[in-house]
Amino acid sequence: MSKKLLIFGTGEIGRLAHFYFDRDSLWDVAGFVCDDEYFDKKELLGLPCVPLSKLSHFSSKKFAVHIALSYKNLNRNRKEKFLYIKEMGYETPSYISSKSSIWSHDIGDNCFILEDQTIQPDVKIGNNVVLWSGNHIGHGTHIADHVYIASHAVVSGHCSIGERTFIGVNAAIKDFTNIGEACFVGMGVNITKDCKNGDVILPEKTTIIDNETPLATKIKKKYFGDF
Ligand SMILES: CC(C)(COP(=O)(O)OP(=O)(O)OC[C@H]1O[C@@H](n2cnc3c(N)ncnc32)[C@H](O)[C@@H]1OP(=O)(O)O)[C@@H](O)C(=O)NCCC(=O)NCCS
């Protein structure tokens, strides 16, 4: 790799991006960048750290930038920073874990795709998409730009997921389902119908039964005998 990599983001996601790029990619991580208002240290993980206002000192001919930010503001911050850094002319490489089963390489820029994914044939993944560990993305599904999918979601075949949507852990989406833009899919939901832009989809609430109630005693006796 002739260029070196700078990671935009000095928080937890930035440090994780360093971890994964450093151990499982051909990129040589050379340092960190952050917004000027968050610039409070000149070094992170033994590498130099610079404020965004000084990024232009690092030529886009010699450096690429990976934007590593959280889903705060429903992925709007990640989107804006990605577009800004692109506009500055930097290459924005994706990280794709070598420990995943990936059958479609139609994957955009600046994605962060962690271990144990199954990405089936004919899947299209846009720019700046995060797939945290262990998701199933079924054949023919299209994931638009700036989507964030937490862990162990099942997105069945031929679904579409709109820009900036967040999908929580253990969500399951039926095949041929369209989820709009900027939706919040809560953890553990089963989605069987299309969702409009901005929808919030929540599961039934979990019931927590106090230890002192007869039902708690009955259930524990039935399953564990003595407890
Ligand atoms: C939906 C979710 C945000 C709720 O979180 P929570 O911590 O239970 O939220 P709160 O207890 O603050 O609840 C906020 C309000 O929503 C209501 N609410 C929460 N879950 C609900 C549900 N399933 N159905 C209906 N109402 C619900 C609460 O009753 C509360 O209302 P109130 O203020 O009138 O009491 C959470 O379950 C979730 O899906 N988070 C995503 C987790 C995830 O995937 N993390 C991965 C990160 S990488």
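The dialogue below treats the ligand shell, then the pocket, then the cavity.

Visitor: On what basis are the values given?
Guide: This is a predicted model, in which local features need pLDDT of at least 70 and side-chain atom pairs count only at pLDDT 80 or more, while totals for chains, interfaces and linings use all residues. Residues are numbered from 1 along each chain as its sequence is written, and side-chain values use heavy atoms, with hydrogens and water left out.

Visitor: Which residues surround the ligand?
Guide: A residue is near a molecule if one of its heavy atoms lies within 4 Å of it. Here the ligand is surrounded by Y71, A150, F166, G168, V169, F184, G186, M187, L202, P203 and K205.

Visitor: Which N or O atom in a side chain is 2.6 Å from an oxygen atom of the ligand?
Guide: A polar contact is a pair of N or O atoms within 3.5 Å. The side-chain atom in question belongs to K205. Backbone atoms also take part: a polar one of V169 is 2.8 Å from a ligand oxygen, and an N or O atom of P203 lies 2.7 Å from a ligand nitrogen. The protein covers 42% of the 950 Å² of accessible area that the ligand has on its own (Shrake-Rupley method, 1.4 Å probe).

Visitor: How is a pocket told from a cavity?
Guide: On a 1 Å grid over the protein atoms alone, a cavity is a set of points where a 1.4 Å probe fits but cannot get out, whereas a pocket is an open set with protein on both sides within 12 Å along at least five of seven lines; lining residues have an atom within 4 Å of a point. The largest pocket has a volume of about 430 Å³. Of its 20 lining residues, F8, D35, Y38, L69 and N77 are the closest to its centre.

Visitor: How many cavities of 30 Å³ or more are found?
Guide: The search of the whole structure finds one. About 70 Å³ of space lies in the largest cavity, and its lining includes I13, H66, R78 and W132.

Definitions and conventions. A polar contact is a pair of N or O atoms within 3.5 Å; within protein, one must be able to donate a hydrogen and the other to accept it, and residues adjacent in sequence count only if both atoms are side-chain atoms. Grid points are joined across faces, edges and corners, and a volume is the space filled by probe spheres set on the points.
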